[in-house]
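Below is a note on the model you sent for comment. The points run from the basis of the values to the single chain and then to the pair of chains.

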Protein chains: 2
Amino acid sequence: MYKVALVDDHTLLSEAIGGLVRQFINFEVVNISVNGKEFINYLETANSDKPDVVLMDVKMPVMGGVETTKYLSKYYPDIKVLALSVEEEEGVVMQMIRSGAKGYLLKDTRKSILEQALLEVINYGFYYTNTVERIVKQTENLYEEEVVLKDREIEFIKHACTEMTYKQIAEKMFLSPKTIEGYRESVFQKLGLKNRTGLVIYAIKNNIFTP
Amino acid sequence: MYKVALVDDHTLLSEAIGGLVRQFINFEVVNISVNGKEFINYLETANSDKPDVVLMDVKMPVMGGVETTKYLSKYYPDIKVLALSVEEEEGVVMQMIRSGAKGYLLKDTRKSILEQALLEVINYGFYYTNTVERIVKQTENLYEEEVVLKDREIEFIKHACTEMTYKQIAEKMFLSPKTIEGYRESVFQKLGLKNRTGLVIYAIKNNIFTP
DNA sequence: TTAAAAAAGGGGATTTTCCCCCTAAATAAA
DNA sequence: TTTATTTAGGGGGAAAATCCCCTTTTTTAA
């Protein structure tokens, strides 16, 4: 019997998907958690039934999919993570893959594909849909020298997703308005943005800010 | 037997939730559609099995939950719509309720609540969770003279969620930049916004623009 | 058919944003 | 220890966005 765990804050969905998984032959559901933190707690419980595969949502409160996947890759490399999300953003997909996810399923996949994906992840170590494969290749080919935003820049971006002017942001961050201008410029340059509107859209797409 | 239909673009979820519903006694699933258009097509097919309740997602391609619910309230008032979504935005919830939804479930509700909600909608005509009830009351008490955005304004807002300048938006809409300024001003005034950043956030929160 | 309302456009001033280029201090790397 | 790199700060100008107040044309409704 292959053991599957589900990590998703949408209880109804994880219960329902758990039902589907139980229908597959040779599969059982050993744990359902509502976020990464809870799942890791489960794992660290003595004689907990370690799963072979985890179906992991990306956007979750407390501890998100990316963070959790990174943790699992490090401390439980035998547990395979299969991302299962509505997020189609290339950035998000790549983040999960880079964090160690063995596959990425969109929530509009069919039951049979889910079963196939689970089996392939267990037997071959990965499962990529065409879409995801395309995204991975695209991103690799473009070898876009992975944009790295600094903490202070991310903080700035969050404030920029607000009706505050840069002057007000400067006050809030206890910095001179000119320093904020500096952040603005470096962020625009790194991300290839034209204006603040673009920044807001970027921040939302990349989960830096949630409206 | 109560008949249930599911309308959701996330196939995996609707299949899985369909499985849950079938477990409830006296319930059967008569149709699963991926968007409103497809569901209405189903309804209009001769001798289609008309459902008692529809579990309706809000955000869907082609024909969304709000539009579909309005249509159903008008042409199929006997079919009760129960919204089932991850959208927690007050605006979105209210839109669904105003469009005729008999209840609004978040996707993190439990299986037992789903069954209860289905039964209550069928027997009493509605099912409101505490959260939704609070939102409805809040909104009603504030009797915020329901902001009505005109088509042209909405079109403008969509363009404003872009890196285009107002001048470029004007070109795209074949209008003078000054007219665009007029839209900007009336929209800002109606929605109580300070600047374009606020507009972008509003548009995303209210499903006018999807990043 | 006439009054009212909505849509389209405008002048001009102020603020904010954007852009390019530059300096000083603190940190990290060699 | 010297050399980069990062972080913080700045000047000045151009462009865009914001604001207020105003006119003309088109639609709509009484």
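The numbered points below describe this predicted model.

1. Basis. Residues are numbered from 1 along each chain as its sequence is written, and chains are lettered from A and ligands numbered from 1 in the order in which they are written. Since the model is predicted, local features need pLDDT of at least 70 and side-chain atom pairs count only at pLDDT 80 or more, while totals for chains, interfaces and linings use all residues; side-chain values use heavy atoms, with hydrogens and water left out.

2. Chain A overall. Ten helices and five strands make up the secondary structure of chain A (DSSP runs numbered from the N terminus: helices H or I of at least four residues, strands E of at least two). The C-alpha trace of chain A spans about 60 × 40 × 30 Å along its principal axes. Of its 211 residues, 52% count as buried (under 20% relative accessible area; exposed is over 50%, partly exposed in between; 1.4 Å probe, protein chains only). Chain A exposes about 10500 Å², of which carbon and sulfur atoms supply 50% (Shrake-Rupley method, 1.4 Å probe; for residues, only the protein chains shown count as cover). Among contacts in chain A with a separation of 6 or more, 65% join residues 24 or more positions apart (contact: heavy atoms within 4.5 Å).

3. The sheet of chain A. Five strands form an open sheet in the order 2-1-3-4-5, with parallel pairing (two strands pair if DSSP finds at least two bridges between them). Strand 2 (27–33) and strand 5 (103–106) of chain A are at the edges with a single partner strand each, so one side of each has no neighbour in the sheet. Neighbouring strands are turned by 25° against each other on average, direction ignored (axes are lines fitted to C-alpha atoms, for helices over the stretch in contact; angles run from 0 to 180 degrees between N-to-C directions).

4. Strands 3 and 4 of chain A. Four bridges pair strand 3 (residues 53–56) with strand 4 (residues 80–85) of chain A in the parallel sense; A:Met56 has A:Ala83 in strand 4 as its bridge partner. Helix 3 (residues 65–75) of chain A lies across both strands, at about 165° to strand 3 of chain A.

5. Strand 3 of chain B. Is this strand covered on one face or both? Both faces of strand 3 (residues 53–56) of chain B are covered, with B:Val53 and B:Leu55 buried on one side and B:Val54 and B:Met56 buried on the other. Strand 3 of chain B pairs in the parallel sense with strand 1 (residues 2–7) of chain B over four bridges, where B:Ala5 has B:Val54 as bridge partner. Four bridges also join strand 3 of chain B to the parallel strand 4 (residues 80–85), and B:Val53 is bridged to B:Lys80 there.6. Nonpolar cores. The largest core has 45 residues, and those with the most contacts inside it are A:Phe156, A:Leu199, B:Phe156 and B:Leu199 (a nonpolar core is a set of buried Ala, Val, Leu, Ile, Met, Phe, Trp, Tyr and Cys residues joined through side-chain atoms within 4.5 Å). Helix 7 (151–160), helix 8 (166–172), helix 9 (177–191) and helix 10 (196–205) of chain A, and the helices 7 to 10 of chain B, each supply at least two residues of this core. A:Leu199 touches residues including A:Phe156, A:Val187 and A:Leu193, not counting residues up to four places away in sequence. A second, separate core of 44 residues includes A:Ile17, A:Val29, B:Leu20 and B:Leu84.

7. Symmetry. Chain A superposes on chain B by a rotation of 180° with 0.0 Å of shift along its axis (RMSD 0.5 Å) (least squares on the C-alpha atoms of residues with pLDDT of at least 70 in both copies). The two copies are therefore related as by a two-fold rotation axis. Of the residues of chain A, A:Ala16 comes closest to that axis, at 2.3 Å (C-alpha).
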